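Keep the sequence and the model open as you read.

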Amino acid sequence: MVTEQAVKRLQDCSGVVADDLAAHLDSSPIGAVLTPANVAGTERFIELGLPHSKHEMFTYVNTGTVNSHRYITAGETLPSPCMDVPPECSGRSIAIINGSYRPEYSDLTGADGQIVARHLGDVVANDRLFAGDLIRSIKNDKDVFSAINSALIKEGVVIDIVENAITEPLFIMSKTGGINEGAVTTPRLSIRAGENSRSTVIIVTDHNQPDIFTDSVFEITVGAKAHMDLYMIQPGKKIKKGEFSQSFTRLKVVQNENSYASFVGASAGSPLLRSSVEWRLTGKGCKVDYKSLSQPAGADVAHLFARFVHTAPECESDIVIRNIVRDSASVSTDSTVIVSRGAFGSVSRQLVNNLMLSGNGRADTKPNLMIFNDDVKCSHGATFGQTDPEQLLYLRSRGLSERRAVSVLTEGFSGVVTDAIKVPSIREMVAS
Amino acid sequence: MTDLDQVVARKEYKHGFTTDIDTETLEKGLSEDTVRKISAIKNEPEWLLKFRLKAFRMWKKMSPPVWANVKFPPVDFQDMSYYSAPRKKPTRKSLDEVDPEILETFERLGIPIEEQKRLSNVAVDAVFDSVSVATTHKKKLMEAGVIFLSFSEAVKEFPELIEKYLGTVVPPGDNFYAALNSAVFSDGSFVYIPPDTVSPMELSTYFRINTEESGQFERTLIVAAERSYVSYIEGCTAPQFDSNQLHAAIVELVALDDAEIKYSTVQNWYPGDPETGKGGIFNFVVKRGKCQGKNSKISWTQVETGSAITWKYPGCILKGDNSSGEFYSVALTTGHQQADTGTKMIHIGKNTKSVIITKGISADSASNTYRGRVFISPSATGARNYTQCDSMLVGDSCSAHTFPYIEGATEFAQLEHEASTSKISDDQLFYFRQRGIDAEEAVSAIVSGFCKDVFVQLPMEFSVEAQKLLAMKLEDSVG
């Protein structure tokens with residue numbers, strides 16, 4: 001049972017006003033298995049306090065909006081996911097609806113036993129090592145919304161990709177819908193890619209519902225010598241002008257020795273979208289290729305807060321972040337590469353490009369480096385600008401309309417990210 | 001053997017001596033009464049006392065900033081004296097009236113006021129603890145219409161100019177240390193270049209903290225009127241004490257239409273004991289220029305080698321259309337030094353341009369942070385910025401950090417930022433060693449090349465001194 005005091009504090013501060021918060025947690029279909037996580041999350045939330053713009057993590061986030069909205073915990077209505085599973089993922093799909101893992105809508109028949117999905121509660125109950133790691137992870141997490149997620153989770157899913165597996169793409173849909181307005185949902189997903197495995201994981205987060213706060217936590221471990229292509233896609237919004245929703249995602253990735261991970265993140269915009277990424281290169285010789293594309297429009301706000309931490313020798317990180325800003329949208333990127341004392345031979349490249357398609361938009365960029373080791377080669381770059389007038393003229397002089405010419409240039413700009421998606425239907429979805 | 005050669009030979013901090021002179025020092029502590037006393041000692045007009053008191057009341061409500069990437073024990077603002085001055089009569093008609101001990105001090109520091117007065121083409125204002133002790137070349141400058149006075153004298157002789165510009169670039173409530181300085185500033189320099197005038201010589205101020213338990217809070221105000229030009233040089237040293245001294249200065253620059261100000265600094269405050277980190281200056285300085293007029297230009301060049309803690313962001317507010325700002329910086333930290341330094345370029349006017357070139361070198365157990373902000377406001381159409389900040393690490397216990405803030409709120413602007421962090425490669429060292437050059441000299445030459453983009457911006461004599469200073473500082477850092 002979460003302590004009464006902690007529940008009250010959470011209710012007072014987090015914007016969650018369910019009178020029956022304790023009852024909400026107690027109503028978990030898996031009983032009290034996740035209570036230690038709820039307690040740890042609540043205590044962590046109390047330690048971290050409410051976010052405000054003086055926290056470096058929230059410099060560019062309108063924390064007033066975050067804090068002023070009051071949310072209630074989601075009801076129990078669990079609709080059908082209506083998923084369009086890409087053809088490349090036939091027989092390998094997992095459904096998470098309003099934070100709950102739904103085996104009845106999931107299909108792993110095409111995985112040949114190489115991918116196993118289980119309820120988070122079952123894994124916590126039967127795997128003491130995992131349960132201990134979960135609590136440690138919650139206690140050390142510096143993200144306040146990750147703490148809120150931990151405080152409120154009733155459910156979740158753990159996906160194991162077995163050792164030495166070579167799998168076809170896995171499709172994971174995390175969707176919100178069919179619940180009361182003003183609700184908060186807390187999807188939680190753990191993926192463990194076994195040693196020497198080779199996998200492609202596609203996570204589609206469809207949380208753009210009016211007046212819904214989705215607070216997701218995705219934790220991924222890439223085993224030694226494993227290779228993972230990870231795509232995280234947030235499709236176009238379905239909410240009307242003037243409606244509000246918040247979607248916050250915490251992505252935590254740990255890479256082990258000689259592993260390789262490529263990541264492509266693409267978001268089409270949301271009234272308030274925040275991605276908080278912590279990517280740890282903990283094994284010698286691992287490498288990450290990270291690419292993200294954000295395209296907010298209207299009055300959307302998109303924020304990326306990312307930390308790439310090199311803790312082991314001879315690791316490499318290659319980071320490309322591209323933002324396209326339309327209308328009066330704003331985008332902010334706060335990305336840091338941290339090279340720890342023992343991480344000699346580290347190589348890191350970081351590039352942030354902002355393309356402004358409107359005079360009313362705003363782009364804020366903070367590409368940081370924190371280097372505690374002298375044997376490194378690190379660089380970062382950032383640009384901010386509009387479409388090149390000479391390139392526009394070139395296209396216009398060949399008969400393209402201005403709109404089409406801008407579109408061609410924009411496609412070229414985003415192509416650096418979208419071309420890295422190796423699953424054709426997903427690439428088309430993002431490009432469109 | 002020149003003075004600089006001797007310095008290089010000696011290795012230790014050459015400015016660590018103290019001068020035994022009779023000083024007038026206010027008792028420790030800071031209250032409204034202290035502010036009134038400082039104002040009374042300086043016989044200031046009522047409006048300036050009001051300015052100070054307003055700043056003090058703001059300061060009382062503020063807390064010290066904690067966001068900088070530096071760690072140091074909290075400063076007890078009640079445990080220091082806010083005014084210390086050589087006990088000599090305040091007005092001097094010639095250098096003959098200056099305490100010979102002070103003149104000797106400046107000679108030892110390599111600031112030959114006497115000699116420069118006669119021979120060189122640099123006008124010097126020497127600030128000793130809290131007050132300006134000597135300003136040279138006044139007459140020649142006055143003939144050209146250039147006002148170069150200590151702040152106290154300027155308040156008496158040109159109160160209307162001071163009242164018009166004081167606090168217009170760095171308002172008293174700007175931040176904690178700006179409020180502190182505005183409340184207790186003791187002296188400093190004032191420069192006014194009239195319209196259509198190029199200063200006939202470079203102007204220079206030399207700052208010296210001499211007393212152990214006093215802070216230094218000088219204030220510099222430079223106004224360049226329409227179509228004028230001035231180059232201003234600043235140097236700083238302090239004696240070697242086990243305790244920390246606080247230096248919280250403000251520099252305000254105002255450039256009107258088509259005017260240009262070039263401000264160069266070689267900062268070599270006592271950095272503390274290189275082995276233990278004990279002592280050293282806390283250098284918390286607010287420097288800001290405002291390009292108020294169209295086509296105006298402000299250029300900051302700094303070589304930061306001293307201070308235990310440096311917290312300093314010289315910046316430009318580019319308000320006038322077509323105005324431009326430049327920032328060139330070399331920051332070297334060795335021993336246990338910590339520096340969090342950079343710049344702010346605030347683009348407001350149309351077609352404004354800024355360039356930022358910084359080189360950070362970190363050795364031993366030191367930490368070096370670049371923190372810079374480029375902001376393009378919605379009105380700054382056609383704005384352009386180029387930033388390059390490179391860091392070099394010498395040794396495996398040091399650290400280098402880069403925190404750029406690039407904020408754009410208009411479609412029609414272009415910003416480019418690039419940065420790199422690396423060490424001196426074995427190949428580079430091998431190339432030098434192969435030619436019979438030892439490791440220390442090789443590192444010195446490589447660092448000198450690394451910083452070349454900044455050194456070329458310094459006046460010639462300063463450039464040579466800065467390079468030698470860097471070489472001296474890096475001695476014993478090469479393992």
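**Helix packing in chain B**

In this predicted model, α3(B) brings B:Phe51, B:Arg52, B:Ala55, B:Phe56 and B:Trp59 against B:Phe176, B:Ala179, B:Leu180, B:Ser182, B:Ala183 and B:Val184 of α9(B).

Q: How do the residues of the contact of α3(B) with α9(B) divide into nonpolar, polar and charged?
A: The α3(B) side includes B:Phe51 and B:Trp59, and the α9(B) side includes B:Phe176 and B:Leu180. The contact divides into nine nonpolar, one polar and one charged.

Q: At what angle do helix α3 and helix α9 of chain B pack?
A: Two packed helices are described by the angle between their axes and the distance between the axes. Here α3 covers residues 46-60 and α9 covers residues 176-184. The crossing is left-handed. The axes lie 7 Å apart, and the angle is about 145 degrees.

**A strand with both faces covered**

Q: Which residues lie on each side of strand β15 of chain B?
A: In a regular strand the side chains alternate between the two faces of the sheet. Strand β15 spans residues 309-312, and both its faces are covered by burial of the residues there. One side holds B:Ile309 and B:Trp311, and the other holds B:Thr310 and B:Lys312.

Q: Which residue of β18(B) stands opposite B:Thr310?
A: Strand β18 (residues 338-341) of chain B runs parallel to β15(B), and four bridges join them. β15(B) also pairs in the parallel sense with strand β13 (residues 280-291), again over four bridges. B:Asn283 stands opposite B:Thr310. In β18(B), the residue opposite B:Thr310 is B:Ala339.

**A phenylalanine in a loop**

Q: Is B:Phe158 buried or exposed?
A: B:Phe158 sits in the loop between α7 (151-157) and α8 (159-165) of chain B. Its relative accessible area is 19%. Buried means under 20%, so B:Phe158 counts as buried.

Q: Which residues does B:Phe158 touch, not counting residues up to four places away in sequence?
A: B:Phe158 and B:Phe190 are 32 residues apart in sequence, with C-alpha atoms 9.8 Å apart. The residues that B:Phe158 touches, leaving out those up to four places away in sequence, are B:Met142, B:Ile147 and B:Leu149.

**Positive phi in two loops**

Q: What is the phi of A:Asn258?
A: A:Asn258 is found in the loop between β12 (246-255) and β13 (260-267) of chain A. At 44% relative accessibility, A:Asn258 is partly exposed. It is not a glycine, yet its phi is positive, at about 55 degrees.

Q: What is the relative accessible area of B:Asp258?
A: B:Asp258 lies in the loop between β11 (250-255) and β12 (260-267) of chain B. Its phi is positive, near 60 degrees, in a residue other than glycine. B:Asp258 counts as partly exposed, with a relative accessible area of 33%.

Q: What share of the 432 residues of chain A counts as buried?
A: Chain A has ten helices and 21 strands. It exposes about 16,400 Å², with 51% supplied by carbon and sulfur atoms. The buried share of its residues is 60%.

Q: What share of the 479 residues in chain B is buried?
A: Chain B comes to 13 helices and 24 strands. Its accessible surface is about 17,800 Å², of which 50% belongs to carbon and sulfur atoms. Buried residues make up 63%.

How values were computed:
Residues are numbered from 1 along each chain as its sequence is written. Chains are lettered from A and ligands numbered from 1 in the order in which they are written. This is a predicted model: local features need pLDDT of at least 70, side-chain atom pairs count only at pLDDT 80 or more; totals for chains, interfaces and linings use all residues. Side-chain values use heavy atoms; hydrogens and water are left out. Buried means under 20% relative accessible area, exposed over 50%, partly exposed in between (1.4 Å probe, protein chains only). Accessible areas come from the Shrake-Rupley method with a 1.4 Å probe; for residues, only the protein chains shown count as cover. Axes are lines fitted to C-alpha atoms, for helices over the stretch in contact, and angles run from 0 to 180 degrees between N-to-C directions. A crossing is left-handed if the near helix is turned anticlockwise from the far one by less than a right angle, and right-handed if clockwise. Contact means heavy atoms within 4.5 Å. Ala, Val, Leu, Ile, Met, Phe, Trp, Tyr, Cys and Pro count as nonpolar, Asp, Glu, Lys and Arg as charged, and the others, Gly among them, as polar. Two strands pair if DSSP finds at least two bridges between them.
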